[in-house]
Every structure is written in C-alpha cells, then in structure tokens.
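Thanks for coming. I will keep this short and go through one structure, so please have the screen in view.

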Amino acid sequence: MSKVILVTGAGRGLGTDIAREALAAGHQVVATGRRPEEVEKTLGGPQDNLLVTRLDVTSPEDAEAAARAAVDRFGRIDVLINNAGNFFAGYFEEITPDQMRRQIETNLFGPMNVTRAVLPVLRKQRAGHVVTLSSSAGLIGQEFCVAYAASKFGVEGWMESLRYDVEPYGIRTTVVEPGFFRTELLVDASTTWPEPTIEDYAERTTATVAAWKSMSGRQSGDPVKLARALLAIADQDKPPLRFVAGADAIEGVEAKARELLAQAQASRELGGGDLAYDDATA
C-alpha cells in the first residue's frame, strides 16, 4: 500500500537510498536536506510522488515547515524516518565541549525536533510510524566514539520511552541499530576528525583516524538492502520496537546482552538486590 514517507538526510548516503527505494516502490516521498536542490538532483529531478524541502534537523522551525509542506502536498504523513546525523570522532579529552554539544544537537535533538513537528499530524490521524536510526554504538560503547555513542545512547532511551507516550494514539515506533554499512558516515562531509592535541593520545589518534578512513566505502553492510528492510518494516501492521541491522551488530548486541546478564548476576551476589529501604536500620 502506498504511504507518505518523510525522510531526513536524503541528500546522500542511506537517506538517498531510502528515498530512491521508496519512490521505486510507489510511495509518496518527502525528501529533506539542508540543500534541497542537491537532494532533488540526487534523486533524479522533479517527480509527481516526490516533494523535496529544506530541513536542517537542528532547526525546529525547519522541522515544522517540512511537516506542513508534507501535509499540504500529500494530505498526511504515514512514516517518519529520522536518518540525518553526523559523527564527531575522537577520544573524550580531545573533543571540545562545543563539539560534544554539536554532536548531541544533531543526533539527538535533531530527530526530536522533527518528531515533535510530525507527531501532531500522526495523532490527528490516529496512525503513523516513527523510525529513528540509532547505531550499534547506541547500545555498545566503542573506542574513539564517545561523542557519537553518547548521542546514540540518548536516542535509544528517548525512542524506547516515546513508545509508551504515543502507542495509545495508534503510533508505532522503531529504533534501528545498524552496524557498519556503506552509508557515507565516514566521509569528510559527515565526519569531523580530531587533531592530535594531547601527547598521550597522539599516536592512538593518528593510527585510529587512518584506520577508520581506510574503512570508508569498504564496510560490509549494503545500504540498499538496509533501505529495503526499513521500508518492509514500515509496511508492517505491528513493526518491531527495535531492529538490529547487520551480522556485526547482531553479534555485538548478543555479546552485550550476555555481559549485562553477567553484571546483573554479579550485582546480586554483591547484595545489590538487598538495598531496599529498611525501617529497622534507618
């Protein structure tokens, strides 16, 4: 069934693949980006089922304007895919406070801005689906990813809790945790690479930047397959609350789950389960 799908970050990478696959499947697509003329060109020019509109996800005003434009053109919004994001790489001490704030502003407050603008439409319809791209780094802390992981861990908590807010109105939520896909996240337009500023980290920073750059374009995951999987999920009456994408991500999440269970058991053995308030000892 044809749906109206709003995609953020549609100018390159996975967002472009999602928009292309959605158009090919016969959906009506609202493709957004900071440079709409480039988005439209990337998607092959004007099309009857395509609306291209400006959206910087850090701007609540842009988000509200994009939601209005979608409804004005297509009459509704069925699926929001929060895809836009970026990556500030580096060790914590070498990431400036401003960079940390900018990372969280884009990756966490960005999808919040867009979702806040779209939810009134979905509530009025008593139907809709919010899909937000997190990352395996939203579940598993990783070296050189402290800012990115902080933003994505925030996405996880927000989306997991948002479910309870909106389910009574027929709105579904899915948070997606991809592993390594060829999504252009590691290209210079999406990633801010650190400069070695602290001697203790300098050798590791230089080596890690080189290793990550060499990985760009060679990641094992196919973004077109991921885009198709997301559209298949968006077509389900009862979509999953979480979709772990890629064999590497699934393996990592399974290992993290085992680790958490082991830590919970160790906490129980240390008396962590016996810390309830006790009047007799107060």
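This is a predicted model: local features need pLDDT of at least 70, side-chain atom pairs count only at pLDDT 80 or more; totals for chains, interfaces and linings use all residues.

Let me begin with the strands. Strand β2 covers residues 28-33, and it pairs with β3 in the parallel sense, over five bridges. To place one of those bridges on the screen, find V29: its bridge partner in β3 is L50. Between the two strands the chain passes through helix α2, residues 36-42, and this β-α-β crossover is right-handed. As for β3 itself, which spans residues 50-54, four of its five residues are buried, and the strand is mostly covered.

Next, the empty spaces. Rolling a probe the size of a water molecule over the atoms shows where empty space is left. How many cavities of 30 Å³ or more does the structure hold? There is one. The volume of this largest cavity is about 30 Å³. Its lining consists of N82, N83, A84, N107, P111, T132, L133 and K152. Two elements, α4 (97-125) and β6 (128-133), each give two or more residues to that lining. By residue type, the lining of the largest cavity has three nonpolar, four polar and one charged.

Sixteen is the count to remember here: the second largest pocket is lined by 16 residues, and K3, A127, G128, A234 and Q236 are the ones that lie nearest its centre. How does the lining of the second largest pocket divide into nonpolar, polar and charged residues? Five are nonpolar, five are polar and six are charged.

E156 lies in helix α5. Is E156 buried or exposed? E156 is buried, because its relative accessible area is 5% and the cut-off for buried is under 20%. Leaving aside residues up to four places away in sequence, E156 touches S134, S135, G138, L139, V175, E177 and R242.

The other glutamate is E167. Where is E167 placed? It sits in the loop between α5 (146-166) and β7 (171-178). E167 has a relative accessible area of 31%, so it counts as partly exposed, since that class runs between the 20% limit for buried and the 50% limit for exposed. One distance to finish: S267 is 100 residues from E167 along the chain, and their C-alpha atoms are separated by 34 Å.

That is what I have on this model.

Technical notes:
Residues are numbered from 1 along each chain as its sequence is written. Side-chain values use heavy atoms; hydrogens and water are left out. Buried means under 20% relative accessible area, exposed over 50%, partly exposed in between (1.4 Å probe, protein chains only). Two strands pair if DSSP finds at least two bridges between them. A crossover is right-handed if, with the strands pointing away from the viewer, the path from the first strand over the helix to the second runs clockwise. On a 1 Å grid over the protein atoms alone, a cavity is a set of points where a 1.4 Å probe fits but cannot get out, and a pocket is an open set with protein on both sides within 12 Å along at least five of seven lines; lining residues have an atom within 4 Å of a point. Ala, Val, Leu, Ile, Met, Phe, Trp, Tyr, Cys and Pro count as nonpolar, Asp, Glu, Lys and Arg as charged, and the others, Gly among them, as polar. Grid points are joined across faces, edges and corners, and a volume is the space filled by probe spheres set on the points. Contact means heavy atoms within 4.5 Å.
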